[in-house]
Amino acid sequence: MSEKKHIKLYKSGKLWVTALVGSVTLVGGGQQAHADKVDGTATASDTTSTEVKTNQSVQTLPQSKPANTQVNTNSAQKAVAKPANQQKQATPAPKQQAPANQQKQATSAPKQQAPANQQKQTTPAPKQQAPANQQKQATPAPKQQAPANQQKQATPAPKQQAPANQQKKTTSAPKQQAPANQQKKTTPAPKQQAPANQQKKTTPAPKQQAPANQQKKTTPAPKQNAANPKSKVAPVNQKAKPVVKNGWHGNQYYRNNQVVKGHVKINNNWYYFDKNGRAISGLFQSGQNLQHYEKNFVQTVNAYKTINHSTYYFGANGNAMRGVRAFKDGRGQTQIEAYNNNFKQVRNAYYNIDGGKSAYYLNNNGRAIKGVRAFKDGRGQTQIEAYNNNFKQVRNAYYNIDGGKSAYYLNNNGRAIKGVRVFKDGRKPTQIEVYNNNFKQVRNAYYKIDGGKSAYYLNNNGRAIKGVRVFKDGRKQTQIEVYNNNFKQLRNAYYKIDGGKSAYYLGNNGRAFKGVRAFKDARGQKQIEVYNNNFKQLRNAYYKIDGGKSAYYLANNGRAVKGLRKINAQKYEFYDANFKQVRNRTVAVNKTTTYRFENNGLAKRGKNGKPTNLRNVADAGKQGFYRGGHTYPARQCTSFVANILASQGVPNAKFHHLGNGAQWTSGARSRGILVNRTPQVGAVVSFKGHGYSSAGHIAYITKVNPNGTFVIAEGNYSGRAYNQRTVSMNAAVAGIIHF
């Protein structure tokens, strides 16, 4: 503390008055704590906790006395005259009443003590100078006026009462004691002049009553001499008893004159005093713990503090939280917060738990989230995470969405997956699931693979199926699909069923085929297969076509047959180049064999029960030529051909009474028999009535050559019973008759 003194002269009428003006500069060494700075230098003694029980409230540092407050001098000091507008006739002077917290029992002529922060060493008897704007011609010796808020009509000799914590039983004239750390040597005090705006006409002053809890036995106080304002009262040279400090003094707290240190509880609040006994504020490192003290030095408990953009939570013991804090919010809902090793609340970040097997995500208010979190990652890609009702991040698990109609699958980093997931289930079989671009599990739907050449089908539990899938399409029609052991949809492929006895054929849309399937095999040969209404491939069975007039026969490989089919020794069938069964036609099976296939598709049989080979037409023709018959005379071309037709089983109604050779074409047409210009083995060729005879000519076709010519067998050619020659389709041909 530094001190300056100034002497000023004032003129009051004919008198010069001197006044001592002092200025004091208090240099404090108070500690300043910053919110973001932690004092980590505490020793073991600094961290001890002491509980002080007292009824004193926390006091702040003593405040300076207002600038216009006047300091008393001893009784020898002459009083300065009051301003004219404030002078009143004086009555006997009331005794000076000290402020309540400074009163002590006094004997005669106690010296008036100024507040501690204004006390100075004074010299004897300077006259008290009123403020310049209030100076008037002085009247003799006004009695000292108490402050306005303390003035009452005085009664004789009020006793002066000291504060309760400073009262001591005293004898004559103790000096009023300033706080120990502020006492200075004083000289007899001049009378104190009340501020001009507080002076009033006074009557003898009543005794000022101290608060009940502060009153103690006092001795009568001597009256201050008002009759002779220049009279001096000699100060009593008696030493005051030592003051015992208790309670707050600035930022220190005393107990029985000892400043407390360390962690101390005062009036249900905790404080921390450093090694110099000064209370701290701000953040404070106490061993491994972090604490916070408010500006009034009270320790922060059960509260958040945001300091330099970081939030701390100080628990019931005053220590900042580290780790996970679970608590109930104002609505009774459980909440979770996390604090890192620097005690800072985690925000917009993960906090690993369960040994790194899961995590909390703390949002921008520091609370752990529940449910789905959608966000952009560092590459700007949308990601999804899910947190259960315990705030834990879901990993390696499903999270149901859309009312259970779909789900996310969260992998081992807690993020939802997209695309195909291949995994082993509890029974070890491989399974496949698919998640779309919105991370949703695909259910009851297709997922294209292999560039659209195949697909998975995901059922209602989200897993790809294997085997046969039977379902109704949008038109309520039953459909069949097949998925192989790799879960891929079969397309343009067979799928064996019934133990290999049949199969499905899956088209290029993956659906099983029904009806006739015509295709080219690997060698480029045309093939036909047939699938029934149950999508099964027909094998070793007939499939009717052309309204029942023909049929396919599907062999044991499911493909339609061509050519001669021998059912057994007695039953032969023939299927043409279009896989159609031949009926009511004569077919040259090979160069040496010709059969007539009847309406049921079976070859005509002879008397021995076996199919009759019509290739030996010469015998039949010769027999007819010589014998005649079937409505035709012997030795004619007509009887030659008629007997061959009869031997092949052609019904008589078709060829009887057709007339001369040139008339057979018109007669056959009239009976509904096919007539054209296409030569075929077993057909009859009719020639017009010129070149051979006027009646025309007929012959039996035994062979068709690749160049379009054909071989015929005929009778009565140049009178012969049998003749064979090659002819071509020319103008002489009337037509080819197909019996």
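Visitor: What makes strand 40 (residues 710-714) largely enclosed by the rest of the structure?

Guide: Five of the five residues of strand 40 are buried, so the strand is largely enclosed. Buried means under 20% relative accessible area, exposed means over 50%, and partly exposed lies in between (1.4 Å probe, protein chains only). Strands (E, at least two residues) and helices (H or I, at least four) are DSSP runs, numbered from the N terminus. This is a predicted model, in which local features need pLDDT of at least 70, side-chain atom pairs count only at pLDDT 80 or more, and totals for chains, interfaces and linings use all residues. Residues are numbered from 1 along each chain as its sequence is written, and side-chain values use heavy atoms, with hydrogens and water left out.

Visitor: Which residues point one way from strand 40, and which the other way?

Guide: Phe-710, Ile-712 and Glu-714 point one way, whereas Val-711 and Ala-713 point the other way; all are buried.

Visitor: How do you know that strand 39 (residues 697-704) and strand 40 pair?

Guide: Two strands pair if DSSP finds at least two bridges between them. The bridge partner of Tyr-700 in strand 40 is Ala-713. Strand 40 is also joined to strand 41 (residues 723-727), antiparallel, by five bridges. There, Phe-710 has Val-727 as its bridge partner.

Visitor: Why is the aromatic pair of Tyr-446 and Tyr-457 called edge-to-face?

Guide: Rings of Phe, Tyr and Trp (its six-membered ring) pair if their centres lie within 6.5 Å; planes under 30 degrees apart count as stacked, over 60 as edge-to-face and the rest as tilted. The centres of Tyr-446 and Tyr-457 are 5.0 Å apart with 65° between the planes, so the pair is edge-to-face. Tyr-446 lies in strand 23 (residues 445-449) and Tyr-457 in strand 24 (residues 454-458), so the pair ties together parts eleven residues apart in sequence.

Visitor: Why does Tyr-446 count as partly exposed, and why is Tyr-457 buried?

Guide: Tyr-446 has 37% relative accessibility, between the two limits, so it counts as partly exposed. Tyr-457 has a relative accessible area of 9%, under the 20% limit, and is therefore buried.

Visitor: Why is the pair of Tyr-632 and Trp-664 tilted?

Guide: Their ring centres are 5.6 Å apart and their planes lie at 40°, so the pair is neither stacked nor edge-to-face but tilted.

Visitor: How do you know that the charged end of Arg-469 sits over the ring of Tyr-457?

Guide: A charge sits over a ring if NZ of Lys or CZ of Arg is within 6 Å of the ring centre and within 35 degrees of the ring normal. The charged end of Arg-469 is 3.6 Å from the centre of the Tyr-457 ring and is found to sit over it.
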